[in-house]
Amino acid sequence: QALQLLREMADCRVQTNTITYNAVVSACEKGREWWHACSLLREMGDCCVQKDTITYSAAVIACEKTGEWRQALQLLQDMIFGSFSISSNLGALLSAGGP
């Protein structure tokens, strides 16, 4: 439902921002839809919407919940390159059964 609402906002030309995307990425995390969460991160970059620690954290946790540790590791690497704090996400990566 959150993804549908985001699409409807775009169709109605309602401006989205970091908070809007964070809410949808968090909904994906709760629904264990890691692929949607990661897709939204890419979409944010395409739409020039600023990502933040909350965005990445929700996506990392979504990956952790489904055992997608490689994707979680990639997101953590992206966070490092983006100068975000990763300390809150290390536990999620370890829970995902990473290397």
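Is C47 buried, partly exposed or exposed? At 44% relative accessibility, C47 counts as partly exposed, where buried means under 20% relative accessible area, exposed means over 50% and partly exposed is in between (1.4 Å probe, protein chains only).

A word on the model before the close-ups. This is a predicted model, in which local features need pLDDT of at least 70 and side-chain atom pairs count only at pLDDT 80 or more, while totals for chains, interfaces and linings use all residues. Residues are numbered from 1 along each chain as its sequence is written, and side-chain values use heavy atoms, with hydrogens and water left out.

**View 1. Helix α1 and its buried face.** Helix α1 covers residues 2-11, and its buried residues are L3, L6 and M9. (Helices here are DSSP runs of H or I with at least four residues, strands are runs of E with at least two, and both are numbered from the N terminus.) Looking down the axis of α1, you find the buried residues within an arc of 120 degrees, so they line one face of the helix. That arc is taken from the directions from the helix axis to the C-beta atoms. The cover over these buried residues includes α2 (18-30) and α3 (34-46), with contact meaning heavy atoms within 4.5 Å.

**View 2. The largest nonpolar core.** This core has 22 residues, and those with the most contacts inside it are Y21, V25, A37, L40, L41, A59 and L75. Two or more residues come from each of α1, α2, α3, α4 (53-65) and α5 (69-81). Helix α4 gives the largest share, six residues. To count as a nonpolar core, buried Ala, Val, Leu, Ile, Met, Phe, Trp, Tyr and Cys residues have to be joined through side-chain atoms within 4.5 Å. As background, nonpolar side chains tend to be buried together in soluble globular proteins. Zoom in on L40 and you'll see that it touches L3, L6, R7, Y21, V24, V25 and C28, leaving aside residues up to four places away in sequence.

**View 3. Salt bridges around E29.** The structure holds two salt bridges, each a side-chain nitrogen of Lys or Arg within 4 Å of a carboxyl oxygen of Asp or Glu. E29 and K65 make one of them, with their closest N and O atoms 2.7 Å apart. This pair links distant parts of the chain, as E29 sits in helix α2 and K65 in helix α4, 36 residues apart. E29 also meets K30 in a salt bridge, at 3.8 Å from N to O. Put together, E29, K30 and K65 are linked in a network of salt bridges. As for solvent, E29 counts as buried at 10% relative accessibility, K65 is partly exposed at 30%, and K30 is exposed at 60%.

**View 4. Cysteines without a disulfide.** The structure holds zero disulfides, a disulfide being a pair of cysteine sulfur atoms within 2.5 Å. The sulfur of C38 has its closest cysteine sulfur in C63, 3.9 Å away, which is too far for a bond. C38 itself is buried, with a relative accessible area of 4%. Back to C47 from the opening: this residue is in no disulfide either, and the nearest cysteine sulfur, that of C48, is 7.6 Å away.

View 5. Most residues other than glycine have a negative phi. R13 has a positive phi of about 60 degrees although it is not a glycine. C48 sits in the loop between α3 and α4, where it counts as exposed at 73% relative accessibility.
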